[in-house]
Amino acid sequence: MIIQGSVASLSFSDSRPSLWDPAIVRAVATEEEKFDETLRWSIQDAIRNILGESGLEAVCSILHLDELAKNPEEFHSQMDRIFGRGVLAIEAVVVKALFRRLNLRYVESGFFEFERCVNQAKREFSRAWSKGMVPKSER
């Protein structure tokens with residue numbers, strides 16, 4: 001789904017550490033696991049930020065977010081089934097949080113598509129990983 005507009009105006013308050021926190025990095029072994037874990041945190045925090053803790057619990061009781069985080073297209077489909085167009089606000093906050101947590105620069109392109117943005121973040125994270133931009137002691 002594509003929408004016009006900006007996600008820059010969305011707020012995101014997050015008390016969780018960034019991906020580069022050594023305690024978190026040591027707990028997750030591979031590049032893919034680090035990315036997936038960061039995406040899961042971003043999804044949960046975005047839902048909590050928008051709907052509150054009880055909203056997150058309700059969504060978790062309906063959906064298996066851990067599995068959906070591995071498949072952005074299915075995540076969008078399942079969330080769209082529940083929230084309709086409201087899913088776009090949640091997805092925009094997820095993407096904003098994901099890029100921030102991965103220490104990547106998010107550039108808006110005039111339209112927003114969740115799957116494309118998540119895949120872009122994954123590619124950029126993979127590039128940083130392969131270039132050794134993640135400190136070796138934290139790999």
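Which residues is methionine 79 in contact with, leaving aside its neighbours within four places in sequence?

**Entry 1: ground rules.** I am working from a predicted model, in which local features need pLDDT of at least 70 and side-chain atom pairs count only at pLDDT 80 or more, while totals for chains, interfaces and linings use all residues. Residues are numbered from 1 along each chain as its sequence is written, and side-chain values use heavy atoms, with hydrogens and water left out.

**Entry 2: methionine 79.** I placed methionine 79 in helix α4, residues 72–83, where helices are DSSP runs of H or I with at least four residues and strands are runs of E with at least two, numbered from the N terminus. Leaving aside its neighbours within four places in sequence, I found methionine 79 in contact with Ile47, Val59, Leu63, Gly84, Val87 and Ile90, contact being heavy atoms within 4.5 Å. Methionine 79 counts as buried because its relative accessibility is 0%; buried means under 20% relative accessible area, exposed over 50% and partly exposed in between, with a 1.4 Å probe and protein chains only. I also looked up leucine 65, which lies 14 residues from methionine 79 along the chain, and the two C-alpha atoms are separated by 9.9 Å.

**Entry 3: the core.** The largest nonpolar core has 31 residues, and those with the most contacts inside it are Phe35, Leu39, Ile43, Ile47, Leu65 and Met79; such a core is a set of buried Ala, Val, Leu, Ile, Met, Phe, Trp, Tyr and Cys residues joined through side-chain atoms within 4.5 Å. I noted that α2, α3 (65–68), α4, α5 and α6 each supply at least two residues of this core, and that its largest share, 9 residues, comes from α5.

**Entry 4: α2 against α5.** I found that the axes of α2 and α5 come within 8 Å and cross at roughly 135 degrees, axes being lines fitted to C-alpha atoms, for helices over the stretch in contact, with angles from 0 to 180 degrees between N-to-C directions. The two helices, α2 and α5, are therefore oblique to each other, since angles under 35 degrees count as roughly parallel, over 145 as roughly antiparallel, 65 to 115 as roughly perpendicular and the rest as oblique. Among the residues making the contact are Phe35, Leu39 and Ile47 of α2 and Ile90, Val93 and Leu98 of α5.

**Entry 5: α6.** In α6, I listed Phe114, Cys117, Val118, Gln120, Ala121, Phe125, Ala128 and Trp129 as buried, and the buried residues of this helix pack against α2 (31–62), α4, α5 (87–101) and β2 (111–112). After α6 comes glycine 132, whose phi is positive, near 75 degrees.
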